[in-house]
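Let's take a friendly walk through this model, looking at one helix, some aromatic rings, a few charged pairs and a surface patch. Have your viewer ready.

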Amino acid sequence: MGEQPVPDLLRTNPSDLISEYFLRVNARHEPVDIIEEVVAAIFDQGNGLEHREFHLASLLYSIPEPSVEYIVALVKAVLKVDGFLDREKIPLTPKNGHQVVSVAGSGKKGVKTINISTPAAIVAVSMGAHVVKHASRATSSVSGSSDFFNEVGGLILDPDATVKVFDQTGFGLFSIEGVVPKFDALYGGRVLVPSALSYALPAAISPVRTDAILYGFSMPRLKESVLAIHELGFKEAIVANSTEDGVKYI
């Protein structure tokens with residue numbers, strides 16, 4: 001969809017490249033073939049591009065119902081900015097053949113509550129489950145998973161130390177703060193409602209590897225989220241949400 005030859009001149013001029021992207025979007029194409037270069041241009045602090053925050057916001061919301069192909073391409077492009085795609089994820093060794101389930105969420109839910117998934121994960125572990133929780137501070141809710149964990153006396157450790165805790169308890173809370181610093185510097189604290197990245201990015205940035213994930217998604221298109229998460233390496237995925245009015249998702 002929208003794959004067109006890109007003149008070399010555009011590739012050397014970030015403003016022209018970004019203009020090309022939005023011209024294609026305006027013509028109802030998904031410029032999957034240049035999304036990696038566009039994202040790189042927005043985050044490259046040395047290319048003289050102005051209004052980066054505006055370009056990023058426009059990029060994230062320019063396609064209201066993105067395809068799975070576009071979602072995956074966008075997530076991979078963002079992860080590549082910080083070299084995350086080239087990193088080896090830490091393998092986990094569950095006891096007694098248990099499956100390890102990641103728990104993550106898109107955040108930015110429409111109903112602002114305390115963090116729900118972390119206490120739910122702890123309850124599941126108390127009943128024998130093996131759970132990895134992706135944790136971050138709140139951006140638009142009353143509390144994020146890191147905030148909740150700190151409030152109940154938990155310590156956020158580095159990944160290697162958390163693996164040791166997981167080996168002992170079956171529960172590991174892995175902070176995603178600082179995992180993608182270049183991206184966070186432009187994105188963090190500025191984007192307060194779900195975007196195209198919300199379909200799958202928080203599922204993809206865990207420092208550890210698991211095959212299964214339970215993902216909370218604050219948007220209605222659950223199928224697209226599941227398929228994108230599959231494409232990003234999870235063999236099994238359950239994506240869930242709820243809403244009373246079809247507008248405010250949790």
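## The buried side of α6

Helix α6 spans residues 117-126, and its buried residues are T118, A121 and V125. Here "buried" stands for under 20% relative accessible area, "exposed" for over 50%, and "partly exposed" for what lies in between, with a 1.4 Å probe and protein chains only. The three cover an arc of only 60° around the axis, so they sit on the same side of α6. That arc is taken from the directions that run from the helix axis to the C-beta atoms. Helices (H or I, at least four residues) and strands (E, at least two) are DSSP runs, numbered from the N terminus.

What covers these buried residues? The cover includes the strands β3 (130-135) and β4 (171-175), along with the helices α7 (145-151) and α8 (159-169); contact means heavy atoms within 4.5 Å. After α6 comes G128, with a positive phi near 110°.

## How to read the values

This is a predicted model, in which local features need pLDDT of at least 70 and side-chain atom pairs count only at pLDDT 80 or more, while totals for chains, interfaces and linings use all residues. Residues are numbered from 1 along each chain as its sequence is written, and side-chain values use heavy atoms, leaving out hydrogens and water.

## Aromatic pairs

A pair of aromatic rings is described by the distance of the centres and the angle of the planes. How many aromatic pairs does the structure hold? There are six, where rings of Phe, Tyr and Trp (its six-membered ring) pair if their centres lie within 6.5 Å, and planes under 30 degrees apart count as stacked, over 60 as edge-to-face and the rest as tilted. One of the pairs is F183 with Y187, which is stacked because the ring centres are 4.5 Å apart and the planes meet at 25°. These two residues are four apart in helix α9, so about one helical turn separates them. Are F183 and Y187 buried or exposed? Both are buried.

Y215 and F217 also make a stacked pair, with 6.3 Å centre to centre and 25° between the planes. Both of these residues are buried as well.

## Salt bridges

Side chains of opposite charge can pair when their charged atoms come close. The structure holds five salt bridges, each being a side-chain nitrogen of Lys or Arg within 4 Å of a carboxyl oxygen of Asp or Glu. Among them is E36 with K80, at 2.7 Å from N to O. Since E36 lies in α3 (residues 35-43) and K80 in α5 (residues 68-81), this bridge ties together parts that are 44 residues apart in sequence. Both ends are partly exposed: E36 has a relative accessible area of 40%, and K80 has 47%.

K248 and D245 form another salt bridge, at 3.1 Å. K248 is partly exposed at 41%, and D245 is partly exposed at 40%. Salt bridges with shared partners join E20, R24 and D33 into one network. Within it, D33 and R24 meet at 2.9 Å, N to O; R24 is buried at 4%, whereas D33 is partly exposed at 29%.

## A nonpolar surface patch

Y61, L192 and V193 form a nonpolar patch on the surface, with about 260 Å² of accessible area together. Such areas come from the Shrake-Rupley method with a 1.4 Å probe, and for residues only the protein chains shown count as cover. Patches are built from residues with over 30% relative accessible area and no salt bridge, joining like charges within 9 Å and nonpolar side chains (Val, Leu, Ile, Met, Phe, Trp, Tyr) within 5 Å. V193 belongs to the loop between α9 (181-187) and α10 (201-204), and its 47% relative accessibility makes V193 partly exposed.
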